[in-house]
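Welcome to my notebook. I am opening a structure and jotting down what I look up, one entry at a time.

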Amino acid sequence: MTMTRQDALFNYVLKLGDQSLVYGHRMSEWCSKAPMLEEDLALTNIALDYIGRARAFLSYAAELEGKSRSEDDLAYKRGEREFYNNLMVELPIGDFAFTMARQFLLSSYEYFLFTGLAQSKDEKLAAIANKVIKEVRYHWTHSRDWLMRLGLGTSVSHEKLQRAIDELWIYTDELFETGPEDQLLKSAGIVFNMDEIKTVWTELVHSILKEIDITIPETTFSQTGSRLGIHTEHLGHLLAEMQYLVRAYPEARW
């Protein structure tokens, strides 16, 4: 069956919602565990930014689908094979260096992605992107500053940051994957060229990592699968925790 533009847009917006929801839940796990009180507040607020973003995207996805499902239905009543977030965001939080490295790689990507989507011909998508980009600027600056501190700090902090980049690098290519629905939306001026976004992302990330003497992994291996609903073992555990209450008491209202 031929995919319509609305179907393609639903899939695209749903993926953005999944990405934000899963990562927001992951970041919330830092609450009360950060190395200092100020950072505990910062990471918790970043998590809240992503949850708010997830609500906007999932609400719009439910509207596009037109099947009387709500944002809560999409968040809490789908299994892991029905989620389409990138694998990077579902990985456990790891140590502080890992979290800052992941946030930097992700925020660098999101900055260019949402800058493009803010010019989308889909007015609602553009409006959400315009709001999100303000948060992304803070997330990027926050993680960039910590990369500087860790990379140029002690031998231990540098080693931990290098190890984090080594672990995360195989997940970065998946951020820029596209499919037939993306081409349909691109031709309509709704989304933009991911190859161009990857080029500027690569230039930015490489320049920062070079400045703090972090080596870019040479591997050409790429971990992927999320576009088909194939995930790491970690997503199932995350969803079991996140969705438990709604699944245990499906008719509850509060």
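**Entry 1: Asp182.** Leaving aside its neighbours within four places in sequence, which residues is Asp182 in contact with? I noted first that this is a predicted model. I then looked up the contacts and found Tyr12, Val191 and Arg227. Asp182 itself sits in helix H7, residues 180-187.

**Entry 2: helix H8.** Next I turned to H8, which runs over residues 194-211 and has 18 residues. From first C-alpha to last, H8 reaches 26 Å, close to the 26 Å expected at 1.5 Å a residue. Which residues of H8 are buried? I listed Met194, Ile197, Trp201, Val205, Ile208 and Leu209. Looking down the axis of H8, I saw that these buried residues fall within an arc of 95 degrees, so they line one face of the helix. On the other side of H8, I found Asp195, Glu196, Glu203, Lys210 and Glu211 exposed. I also asked what covers the buried residues of H8, and the cover includes helix H4 (96-117), helix H5 (123-151) and helix H6 (155-168).

**Entry 3: after H10.** Helix H10 covers residues 244-248, and Tyr249 lies in the segment after it. What does Tyr249 form together with Tyr244 and Leu245? I found a nonpolar patch on the surface, with about 360 Å² of accessible area for the three together.

**Entry 4: helix H2.** Last, I went to Ser59, which is in H2, residues 37-65. At 33% relative accessibility, Ser59 counts as partly exposed. I also looked up Gln19, 40 residues from Ser59 along the chain, and their C-alpha atoms are separated by 14 Å. For H2 as a whole, I compared spans: at 1.5 Å a residue its 29 residues should span 42 Å, and the end C-alpha atoms are 42 Å apart, which agrees. Just after H2, I noted that Gly66 takes a positive phi of about 65 degrees.

How values were computed. Residues numbered from 1 in each chain as written. Predicted model: local features only at pLDDT ≥ 70, side-chain atom pairs only at ≥ 80, totals over all residues. Heavy atoms only, no water. Patch = residues over 30% accessible without salt bridge, like charges linked within 9 Å, V, L, I, M, F, W, Y side chains within 5 Å. Areas by Shrake-Rupley, 256 points an atom, 1.4 Å probe, with all protein chains shown as cover. Salt bridge = Lys/Arg side-chain N within 4 Å of Asp/Glu carboxyl O. Helix = DSSP H or I, 4+ residues; strand = E, 2+ residues; numbered from the N terminus. Expected span 1.5 Å × (residues − 1). Buried < 20%, exposed > 50% of the residue type's maximum accessible area, 1.4 Å probe, protein only. Arc of directions from axis to C-beta. Contact = heavy atoms within 4.5 Å.
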